[in-house]
Amino acid sequence: KDWAQYEIERIIPENYDNNDNFNIQRENATLFTLCRNSELYEILDSIEQLENRFNKNFHYDWVFLNDEPFSEEFIELTSNMISGRARYGLIPIKHWSYPPYIDEQKAKEIRESRKWASITYGTSESYRHMCRFNSMFFYKHPIIEEYQYYWRVEPHVNFDCDIIDDPFKFMNNNNKKYGFTISMRELPNTIETLWETSKLYFKKLSYDIFDQVTQNNLVGFISDDNGSSYNLCHYWTNFEIANLDIYRNDLYEGYVQHLDHAGGFFYERWGDAPVHSIIFSLMLKREELYLFQNISYEHTVAKSCPLNDAFRKKARCVCNPVEDWTIKSNNCCNSKFLEVGKYEKNDDYDKYV
Ligand code: GDP
Ligand code: MN
């Protein structure tokens, strides 16, 4: 396989030192963005904030992937703002197309049926490829394969506080495997058969993955009845920081292959968020999952703000804790996560709930 063709550009800032020009020990980690050329100004907004709030002090790489070649303008304007190496990759066609066991005509008829017209992204073909890519292919891209950790960043998101400590370093030092900021409930009609399909896979495994006590996992985050049904809670994957080992193993790979053959990425509209959430809540130990309560993050409908008055001052936050969505909304699952996993809550949590 000639993977070289899938890295189309690599831009290294002046004065950049592979090892440590800046007296910083970086992890083997990268910021990672999947996006379209048409989202240039929205991603510049995200980059400007994350560079300012975090990466200007660390100079991590930033990997951009796209199912089409990035434009010169996209490469020029994004790399211009990044203090680490900016790398631009093309997604192999076989990671963004139909596998032979999917009936394309059937998928098309489903998208055009009345049911899907009223569901968010229900009629979109590209959205389905995107969710499938984020579920089963992004970590196989030759550029991403070089790293141990990634931090997913989307266009048009906001970071309202300084990120003072390096989250990658934190993950490594504390043996965290999957980190998030916001969790919420999925639209049930997009994943009608996901849970039953998942259970068929877990049934084949030799140990009882649904036993939270013996497995020390977080099944209680995704199920309120010990695995009988899915409660729709999912880590919101538009922000995620993870150790790529959690994808690079037979349990994960077997799971997504099983899901892909069942067809729900195309015949329904399975999101990568419920997929990641189901498998990682079952597969990881509770100590390996982590809620970043001191990263202020906003994407579309939801925003988190650290419930920690001293930290907000130290991190020069501009968010209002009273507006923190994660404690205000019934649709959020963060408090369930903290309670089920018996994690420590932020210093001023009780003051704001
Ligand atoms: P939402 O967050 O669920 O509303 O979905 P988005 O439209 O934000 O898509 C999620 C991520 O995938 C974003 O980073 C998008 O830029 C990216 N994305 C979505 N569709 C495509 C696509 O067709 N091509 C590429 N290259 N990126 C896409
Ligand atoms: Mn988005």
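This is a short tour of a predicted model, stop by stop.

**Before you start**

Residues count from 1 along each chain as its sequence is written, while chains are lettered from A and ligands numbered from 1 in the order in which they are written. Because the model is predicted, local features need pLDDT of at least 70 and side-chain atom pairs count only at pLDDT 80 or more, but totals for chains, interfaces and linings use all residues.

**Colour by confidence**

Colour the protein chain by pLDDT, the predictor's confidence in each residue, from 0 to 100. The chain averages 95, and 97% of the residues score at least 70. Select strand S5 (residues 149-152): its mean pLDDT, 99, is the highest among the elements. Then select helix H8 (residues 212-215), which has the lowest, 74. Where pLDDT is low, the predicted coordinates should not be read in detail. Helices (H or I, at least four residues) and strands (E, at least two) are DSSP runs, numbered from the N terminus. For the complex, the predictor gives an ipTM of 0.99 and a pTM of 0.97.

**Ligand 1**

Select ligand 1. Which residues surround it? They are Leu34, Cys35, Arg36, Glu39, Asn66, Asp67, Ser126, Tyr127, Met130, Glu154, Pro155 and Asn238. Each has its C-beta atom, placed from the backbone, within 6 Å of the ligand. Helix H5 (residues 125-136) gives the most to this shell, three residues. By class, the shell holds five nonpolar, three polar and four charged residues. Here Ala, Val, Leu, Ile, Met, Phe, Trp, Tyr, Cys and Pro count as nonpolar, Asp, Glu, Lys and Arg as charged, and the others, Gly among them, as polar.

**Helix H1**

Go to residues 40-53, helix H1. Its buried residues are Ile43, Ser46, Ile47, Leu50, Glu51 and Arg53. Buried means 20 or more other C-beta atoms within 10 Å of the residue's own; exposed means 12 or fewer, and partly exposed lies in between, with C-beta atoms placed from the backbone. The cover over these residues includes strand S2 (29-34), helix H2 (72-79) and strand S6 (158-159).

**Helix H12**

Now select residues 272-283, helix H12. How many of its residues are buried? Twelve of twelve. Among them are His276, Phe280 and Met283.

**Trp195**

Finish at Trp195, in helix H7 (residues 194-203). Trp195 is partly exposed because 19 other C-beta atoms lie within 10 Å. Show Ser229 and Tyr230 too: Trp195 touches both, not counting residues up to four places away in sequence. Contact means C-beta atoms, placed from the backbone, within 7 Å. Last, pick Asn28: its C-alpha atom is 34 Å from that of Trp195, and the two are 167 residues apart along the chain.

Conventions:
The expected span of a helix is 1.5 Å times one less than its number of residues. Two residues are in contact if their C-beta atoms, placed from the backbone, lie within 7 Å.
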